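Subject: Structure handover

Hello,

Here is the structure, for you to look through. My notes on it follow below.

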Amino acid sequence: MQLGFVVNPLGKPELKSHDSRRWQNSPHLSVSLAYLRDIFAYLEARDLRMYRMSSSLAPYATHPEFPSFANQLAECRNELVQCGQMARACDLRLSFHPGQYTVANSPNPATLVLSLADLTLQADILNAMDLNAEAVVVTHVGGIFGNKQAARERFATNILTLPERVRRRLVLENDDSRFSVSDTVWVHERTGLRLVFDNLHHRLNNPDNLSVREALNLCLATWPTNQVPKIHFSSPRTEWLTESGDRDESPRLRATRWSRHSDYINPFEFIDFMETASRLREFDVMLEARAKDLAVMRLREDMAQYAPALAANRSLN
């Protein structure tokens, strides 16, 4: 089992995930890929084998107002091949997860065009790197827009307009308030998209009262037998949230929201989850924790201390 983290390695904070300069300074995918190679070397040194890349790797590449940025993939074809070779040499499992503005079921034509362009761009980066089918672009169904059934149908219809080279990279995740595991299964049956199970989202949004084991198994079953599924795991943030007050005021406190991710993974929650998943097929786990790679390394240590037999049985890495 591989454990992964998201975008920014905090164990070496000087590493950059992508070229974040503004458009006036001509940022470019070539710079992002140089940063990415440095991150790959760090992952290799720390024995980290699963990583979510920044969705801004190719800056402004799909921005409708900056067409001069549109050809970055073609301009970086050789660098992408080299990054793919390095990823395979390091045995890395890579992925993307577009942000909240990528809404593939939007009824707004302009938003839809940009959303499908973002999905296509990230799929094509993985294709240009020549990665295997386990390198994926994770997305959500999107908004409800007043009619949940119509929103599901619109997502499925829109996804099926994408080229096969893009669809085969896409996977669908259940979310924390709108579209549950049952909804994603419905979409899978109509599009063939593989499903990523998110444990915290399922706890927050489970109108069909599926057990964790049932929901997890439904998602795992959508992956071909020759591929290792991936899931997302996070612990809910329990700390009070703070808001900055006025200059002469102390910060204001307000209750947390359970949808917020904690800094680290609660190891006892993770142990219980893995015991629930016993005798199901193998899967990899993307940890969504604010401490990033530090959370991965801490969970490894915690599992070795508190559940050594389970860690050894799953070959936790």
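In helix H5, Lys-148, Gln-149, Arg-152, Glu-153, Phe-155 and Ala-156 meet Asp-183, Trp-186, Val-187 and Thr-191 of helix H7 (contact means heavy atoms within 4.5 Å; helices are DSSP runs of H or I with at least four residues, numbered from the N terminus). The residues of this contact comprise 4 nonpolar, 2 polar and 4 charged (Ala, Val, Leu, Ile, Met, Phe, Trp, Tyr, Cys and Pro count as nonpolar, Asp, Glu, Lys and Arg as charged, and the others, Gly among them, as polar).

This is a predicted model: local features need pLDDT of at least 70 and side-chain atom pairs pLDDT 80 or more, while totals for chains, interfaces and linings use all residues. Residues are numbered from 1 along each chain as its sequence is written, and side-chain values use heavy atoms, with hydrogens and water left out.

H5 covers residues 148–159 and H7 residues 181–191; their axes are 10 Å apart, at an angle of about 35° (axes are lines fitted to C-alpha atoms over the stretch in contact, and angles run from 0 to 180 degrees between N-to-C directions).

Leu-162 sits in the loop between H5 and helix H6 (164–167). Leu-162 counts as buried because its relative accessibility is 6% (buried means under 20% relative accessible area, exposed over 50%, partly exposed in between, with a 1.4 Å probe and protein chains only). Beyond its neighbours within four places in sequence, Leu-162 touches Leu-116, Thr-120, Arg-167 and Leu-170.

The disulfide count is 0 (a disulfide is a pair of cysteine sulfur atoms within 2.5 Å). The closest cysteine sulfur to that of Cys-83 is in Cys-76, 9.2 Å away, so too far for a bond.

Regards

Conventions: Helices (H or I, at least four residues) and strands (E, at least two) are DSSP runs, numbered from the N terminus.
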